[in-house]
Amino acid sequence: MSRKSARLLGYELGMNAHEVNLALEELGYIEKSGYVTLKGTPTWDITEEGKLHGEPSHHPYSSGAIWDDDVIDDIKKLKNK
């Protein structure tokens, strides 16, 4: 199973990466780190719960996390509440 970034998950869900990150925050998988990027967007830390579904990205141009496909179902359930 390959893991996917918030951008790729969003592509499958019809959402942008920011919306995916907000959903992941609501699920308790990530939390804002207190830092912002040069673009003014928040950076995220993966939580212990989030580590059950993904891991921090080790890609040199990414500061986010990469996620298992099961996260797609979790976000869909959240959106349908």
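Student: At what angle do α2 and α3 pack, and how are they oriented to each other?
Tutor: This is a predicted model, in which local features need pLDDT of at least 70, side-chain atom pairs count only at pLDDT 80 or more, and totals for chains, interfaces and linings use all residues. Residues are numbered from 1 along each chain as its sequence is written, and side-chain values use heavy atoms, with hydrogens and water left out. The axes of α2 and α3 are 10 Å apart and the packing angle is about 85 degrees. That makes α2, relative to α3, roughly perpendicular (65 to 115 degrees; under 35 is roughly parallel, over 145 roughly antiparallel, the rest oblique).

Student: How are the axes, angles and helices defined?
Tutor: Helices are DSSP runs of H or I with at least four residues, strands are runs of E with at least two, and both are numbered from the N terminus. Axes are lines fitted to C-alpha atoms, for helices over the stretch in contact, and angles between N-to-C directions run from 0 to 180 degrees.

Student: Which residues of α3 does α2 meet, and how many residues of the contact are nonpolar?
Tutor: Contact means heavy atoms within 4.5 Å. From α2, Val-20, Ala-23, Leu-24, Glu-26 and Leu-27 meet Val-71, Asp-74, Ile-75 and Leu-78 of α3. By class (Ala, Val, Leu, Ile, Met, Phe, Trp, Tyr, Cys and Pro nonpolar; Asp, Glu, Lys and Arg charged; the others, Gly among them, polar), this contact has no polar residues, 2 charged and 7 nonpolar.

Student: Why do the buried residues of α3 line one face?
Tutor: The buried residues (under 20% relative accessible area with a 1.4 Å probe, protein chains only; exposed is over 50%, partly exposed in between) of α3, residues 70–79, are Val-71, Ile-72, Asp-74, Ile-75 and Leu-78. Taking the directions from the helix axis to the C-beta atoms, they fall within an arc of 160 degrees, so they line one face of the helix. What covers them includes β4 (65–67), α2 (17–27) and α1 (6–13).

Student: How are α1 and α3 oriented to each other?
Tutor: Their axes are 11 Å apart, at an angle of about 55 degrees. Leu-9, Glu-12 and Leu-13 of α1 meet Val-71, Ile-72, Ile-75, Lys-76 and Lys-79 of α3. The two helices, α1 and α3, are therefore oblique.

Student: Which elements do the buried residues of α1 pack against?
Tutor: In α1, Ala-6, Leu-9, Gly-10 and Leu-13 are buried. They cover an arc of only 100 degrees around the axis, which puts them on the same side of α1. The face turned away from that buried side carries the exposed residues Arg-7 and Tyr-11. The buried residues of α1 pack against α2, β4 and α3.

Student: How are α1 and α2 oriented to each other?
Tutor: Ala-6, Arg-7, Leu-9 and Gly-10 of α1 meet Ala-17, Val-20 and Asn-21 of α2. The axes of α1 and α2 are 8 Å apart, at an angle of about 100 degrees. The helices α1 and α2 are therefore roughly perpendicular.

Student: Which residues does Ser-2 contact, leaving aside its neighbours within four places in sequence?
Tutor: Ser-2 is found in the segment before α1. At 49% relative accessibility, Ser-2 counts as partly exposed. With those neighbours left aside, Ser-2 is in contact with Trp-67 and Asp-69.
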